[in-house]
Amino acid sequence: MANEPKNVEVKKQMADEPEKTMPGRFFVPDTDISETEHALHVVMDMPGVPKERIEIRLENNVLTVEGTIDVSHYEGFRPVYSEYPLGHYHRSFKLSNEIDQSAISATTQNGVLSLTLPKAEQARPRRITVN
Amino acid sequence: MFGNLENTMKAISALQSAMEHTTGSNWFGGRTTSRGANPPINVFEKDDSVVVVAELPGVNKEDIVIQVKDQSLRLSGKREIQRDEGTSAHRLERRGYEFDRSLNLPFRIDADHIEANYRDGVLALVLPRAAEDKPHTVAVN
């Protein structure tokens with residue numbers, strides 16, 4: 001377990017390729033990817049993104065996760081002092097393993113998304129729902 | 001329906017733009033903290049309250065300590081990462097961290113009515129101004 005003082009973070013802004021049609025900046029969520037014999041585990045920090053605003057897709061071995069914040073929470077708020085930028089999250093990974101897409105599980109807690117992707121052979125592209 | 005979508009999109013761009021203009025502003029009188037630099041915060045005004053927002057992903061609510069004394073607000077806590085043995089890591093970008101930050105607020109708070117909400121990894125502290133520190137409107141004759 002690594003507990004170390006966290007330096008003031010600088011959010012990595014996503015490079016637009018291809019460019020998004022939606023306005024609003026997208027950031028790259030800090031991600032842990034680890035592998036066991038049976039599955040890939042992907043854990044992403046996406047603070048401010050509730051379960052229902054997370055989209056996960058797996059197509060052609062590319063895993064794409066997008067999480068959006070609800071800007072209506074800030075209605076009536078006037079910024080007076082800012083240290084970090086606010087925005088959505090987006091990240092894609094090309095997976096080298098074949099994944100059993102029907103068995104992917106996803107949970108989110110306290111702004112952290114955890115995905116378990118069991119390894120398998122053939123798979124078809126499918127949309128995944130977050131539990 | 002498309003009208004609403006467009007409004008949301010404009011709203012977030014407007015908010016991000018407004019926040020950019022207040023990056024490191026002088027609102028705290030040039031000195032925010034008496035201790036610590038983490039977590040990074042954003043401060044907003046809404047009606048008669050000030051809202052302090054910090055991103056604290058993966059922290060247990062019970063591990064967040066908020067203390068108020070006079071005009072000083074202190075936020076502390078920690079986030080631990082569980083790493084399983086027997087896994088091979090491809091990427092480890094997330095970090096466990098501890099934070100301990102004090103803010104010197106430029107006004108007095110009504111400490112009895114502070115609200116602290118922690119949802120989806122975001123902590124929002126609603127700090128109402130103390131009655132004696134609320135601006136008084138002056139009528140022009």
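How many residues of chain A are in contact with chain B, and how many residues of chain B are in contact with chain A? In this predicted model, 54 residues of chain A touch 60 residues of chain B.

**The interface as a whole**

The area buried between the two chains is about 5,000 Å², and carbon and sulfur atoms give 54% of that area. On the side of chain A, the residues that lose the most area to chain B are Tyr81(A), Tyr84(A) and Asn110(A), which together account for 15% of what that side buries.

Seven salt bridges are counted between chain A and chain B. One salt bridge joins the side chains of Asp32(A) and Arg83(B), with an N to O distance of 2.8 Å. Strands S2 (31-35), S3 (39-45), S6 (78-82) and S7 (88-94) of chain A each supply at least two residues of the side that touches chain B. By class, that side of chain A has 26 nonpolar, 14 polar and 14 charged residues.

**Strand pairing and Ser82(A)**

S6(A) pairs with strand S2 of chain B (residues 41-46) in the antiparallel sense, over four bridges. Within this pairing, Val43(B) of S2(B) is the bridge partner of Tyr81(A).

Ser82(A) also belongs to strand S6 of chain A. Its relative accessibility is 3%, and Ser82(A) therefore counts as buried. Setting aside neighbours within four places in sequence, Ser82(A) is in contact with Met19(B), Thr22(B), Thr23(B), Gly24(B), Ile41(B) and Asn42(B). A polar atom of the Ser82(A) side chain lies 3.1 Å from the backbone oxygen of Met19(B).

**Trp27(B)**

Trp27(B) is placed in the loop between helix H1 (2-21) and strand S1 (33-35) of chain B. Because its relative accessibility is 16%, Trp27(B) counts as buried. Residues up to four places away in sequence not counted, Trp27(B) touches Val80(A) and Tyr81(A) in chain A, and Val43(B), Glu45(B), Val50(B), Leu105(B), Pro106(B) and Phe107(B) in chain B. From Trp27(B) to Ile41(B), the separation is 14 residues in sequence and 13 Å in space, C-alpha to C-alpha.

**Selected side-chain pairs**

The table lists side-chain pairs with their distances.

| Pair | Kind | Distance |
|---|---|---|
| Asp32(A) and Arg83(B) | salt bridge, N to O | 2.8 Å |
| Ser82(A) and Thr22(B) | polar contact | 2.7 Å |
| Trp27(B) and Glu45(B) | polar contact | 3.3 Å |

Key:
Residues numbered from 1 in each chain as written. Chains lettered and ligands numbered in written order. Predicted model: local features only at pLDDT ≥ 70, side-chain atom pairs only at ≥ 80, totals over all residues. Heavy atoms only, no water. Contact = heavy atoms within 4.5 Å. Buried area = accessible area lost by both parts, 1.4 Å probe. Salt bridge = Lys/Arg side-chain N within 4 Å of Asp/Glu carboxyl O. Nonpolar A, V, L, I, M, F, W, Y, C, P; charged D, E, K, R; others polar. Pairing = 2+ DSSP bridges. Buried < 20%, exposed > 50% of the residue type's maximum accessible area, 1.4 Å probe, protein only. Polar contact = N/O pair within 3.5 Å; in protein donor to acceptor, adjacent residues only side chain to side chain.
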